[in-house]
Amino acid sequence: MRKRLILKEAMRLRGWPDHLDTAMPLAIESQDGENWDQYLLEIKGGTGQITKTHTTSEARLTRRQLAVWYAGGYRTATAARLAGVEATSDEALCRLIRTTEHEPWLPDHF
C-alpha cells in the first residue's frame with residue numbers, strides 16, 4: 001500500500017509537459033519483484049496521476065527502469081529498448097518516452 005502512495009505522489013509532483021494529453025496503461029514490477037501491478041498513467045495540462053487498473057498494459061517497467069524513465073533517462077525509444085523496456089508497439093514506446101521530455105522537478109533538495 002505504501003508503495004502505491006509513494007508512486008502516486010511522485011507522479012503528481014514530477015511536473016509534466018503542459019501540451020501533453022495522454023493516458024497509458026503500464027505494468028510496473030511489484031515491490032517483491034515477483035508480480036506486475038497494472039496502472040493507468042494519465043497526463044493532461046502539466047499534471048499527472050497514476051491509478052491502479054485492470055487494463056492491459058502498453059509498456060512494462062521494472063522498478064529500476066521506472067526510476068530511469070521517471071528521471072528522463074531514456075531520451076529515445078532505442079535507448080529504452082536497449083535497457084530492456086518492453087512495449088506492445090514502437091508507437092507505445094515512443095509515447096512513453098515523450099512523456100518525460102520535461103525534466104522532473106521535486107521540492108526536496110539533496
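Start with helix 2, where Gln65, Leu66, Trp69 and Tyr70 are buried. Buried means under 20% relative accessible area, exposed means over 50%, and partly exposed is in between, with a 1.4 Å probe and protein chains only. Seen down the axis of helix 2, the buried residues fall within an arc of 135°, so they line one face of the helix. That arc is taken over the directions from the helix axis to the C-beta atoms. As background, an α-helix has 3.6 residues a turn, so residues three or four places apart point the same way. After helix 2 comes Gly72, with a positive phi near 80°.

A word on the source: this is a predicted model, where local features need pLDDT of at least 70, side-chain atom pairs count only at pLDDT 80 or more, and totals for chains, interfaces and linings use all residues. Residues are numbered from 1 along each chain as its sequence is written, and side-chain values use heavy atoms, with hydrogens and water left out.

Strands pair if DSSP finds at least two bridges between them. Contact means heavy atoms within 4.5 Å.

Which way do strand 1 and strand 2 run? They are antiparallel, and 9 bridges join strand 1 (residues 21–29) to strand 2 (residues 36–44). Ile28 stands opposite Asp37, and Thr22 stands opposite Ile43. The hairpin of these strands has 6 residues between them, and Gly33 there takes a positive phi near 75°. On strand 4, the pairing with strand 1 is parallel, with 3 bridges; Ala27 has Arg60 as its bridge partner.

Leu40 is in strand 2. Leu40 is partly exposed, with a relative accessible area of 21%. Not counting residues up to four places away in sequence, Leu40 touches Ala23, Met24, Pro25, Gln49, Ile50, Thr51 and Thr53.

Last, the rings. Rings of Phe, Tyr and Trp (its six-membered ring) pair if their centres lie within 6.5 Å; planes under 30 degrees apart count as stacked, over 60 as edge-to-face, and the rest as tilted. The count comes to 1 aromatic pair. That pair is Trp16 and Trp69, tilted, 5.9 Å centre to centre, with 35° between the planes. Trp16 is in the loop between helix 1 (2–13) and strand 1, and Trp69 is in helix 2, 53 residues apart. Both Trp16 and Trp69 are buried.

The charged end of Arg14 sits over the ring of Trp16, 4.7 Å from its centre. The rule for this is NZ of Lys or CZ of Arg within 6 Å of the ring centre and within 35 degrees of the ring normal. Arg60 lies over the face of Trp36, at 3.7 Å from the ring centre.

Terms used: Helix = DSSP H or I, 4+ residues; strand = E, 2+ residues; numbered from the N terminus.
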